[in-house]
Structure formats: C-alpha cells, structure tokens
Amino acid sequence: MVGRATEYRIKAGSRATLQLTITDSAGTAKNLSDTGTYTSGLWKVWKPNGTLIINGAIAFDDRTNGIISYPLTANDTLIANAGNWEGEVELKNSSGVMVEQTQSFNFTIEESY
C-alpha cells in the first residue's frame, strides 16, 4: 500500500486556511491564468460512504503559479467529522463543467480535547 503524497492533518475546530499547488503530471505548477477555463473550484472531502463533509469554494491565490486555498469553516471541522478521510480539488470552467481534478489526498480531522 502506497501513501498519498499530500496529506492534511488538522484538529477539530481548526479555522486554518489550507493551501495547495495544482500541478501537471510531471509535477510542474499549472498556470491557471485562463479565467474562462479555470473560473471556479471546489475543495471536497468525503467519508468512505460518500458523504461530503467539505464541499467549499476555493480561492485562486496565485493563478500563474497554480496556488489555490480553502479556509476551513466551523461546520467543516466539527468534532462529529473527526476521522481519516479522502479529498480532492475540482476546477470548473465558466460553464460550470469540471475541467481538472487533482489526485486524491489524505485528510485527517483529529479530535481535540
């Protein structure tokens, strides 16, 4: 079993802003400057049964260098969402059609006492 290259580990209740560099298959940062092709995006995290626990709009921090971010909300990091999950980022064009999808990443919400 091979672990995923990207992992996010946060505490329940965290309000961190997560950041990711979108890359091509060679690992080079992807230029997202074409706002018609890369209009919007979603940060998604789900449980094994398919239940989405995060499905929020990303921000394009540095389009030329492929850097996006997602600020966690109170609902994203509820203690009820604690666990080891899987996530991805979907990029959509101006018609709302998904044009890019990242490789899956590990997403862990740790219980915090």
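The model is predicted, so local features need pLDDT of at least 70 and side-chain atom pairs count only at pLDDT 80 or more, while totals for chains, interfaces and linings use all residues. Residues are numbered from 1 along each chain as its sequence is written, and side-chain values use heavy atoms, with hydrogens and water left out.

Me: What makes up the secondary structure of the chain, in helices and strands?
Reply: The chain has 0 helices and 9 strands. Helices are DSSP runs of H or I with at least four residues, strands are runs of E with at least two, and both are numbered from the N terminus. The order of the elements from the N terminus is β-β-β-β-β-β-β-β-β.

Me: Why is the chain called as compact as a globular protein of that length?
Reply: The radius of gyration is taken over C-alpha atoms, and the globule rule is 2.2 Å times the number of residues to the power 0.38. For 113 residues the rule gives 13 Å and the chain has 14 Å, which is close, so the chain is as compact as a globular protein of that length. The C-alpha trace spans about 45 × 30 × 25 Å along its principal axes.

Me: Why is Thr77 called buried?
Reply: Buried means under 20% relative accessible area, exposed means over 50%, and partly exposed is in between (1.4 Å probe, protein chains only). Thr77 has a relative accessible area of 2%, so Thr77 is buried. Thr77 sits in the loop between strand 6 and strand 7. Leaving aside neighbours within four places in sequence, Thr77 is in contact (heavy atoms within 4.5 Å) with Ile10, Lys11, Ala12, Gly13, Ser14, Arg15 and Leu72.

Me: How do you know that Ser69 is buried?
Reply: The relative accessible area of Ser69 is 5%, therefore Ser69 counts as buried. Ser69 belongs to strand 6, and the residues Ser69 touches, not counting those up to four places away in sequence, include Thr17, Leu18 and Gln19. Ser69 and Glu88 are 19 residues apart along the chain, with 12 Å between their C-alpha atoms.

Me: Why is Glu110 called partly exposed?
Reply: Glu110 has 22% relative accessibility, so Glu110 counts as partly exposed. Glu110 is part of strand 9. The C-alpha atoms of Glu110 and Asn84 are separated by 8.3 Å, with the two residues 26 apart along the chain.

Me: What makes a set of residues a nonpolar core, and which residues touch the most other members of the largest one?
Reply: A nonpolar core is a set of buried Ala, Val, Leu, Ile, Met, Phe, Trp, Tyr and Cys residues joined through side-chain atoms within 4.5 Å. The largest such core has 24 residues, and Trp43, Ile68, Val89 and Phe107 touch the most other members. Elements that give two or more residues to this core include strand 3 (40-46), strand 6 (67-71), strand 7 (83-92) and strand 9 (105-110). Outside four places in sequence, Ile68 touches Trp43 and Val89, among others.

Me: Where does Leu42 lie, and which residues does Leu42 touch?
Reply: Leu42 is in strand 3. Residues up to four places away in sequence aside, Leu42 touches Asn55, Gly56, Ala57, Ile58, Glu88, Val89, Glu90 and Lys92. Leu42 and Ser112 are 70 residues apart in sequence and 26 Å apart in space, C-alpha to C-alpha.
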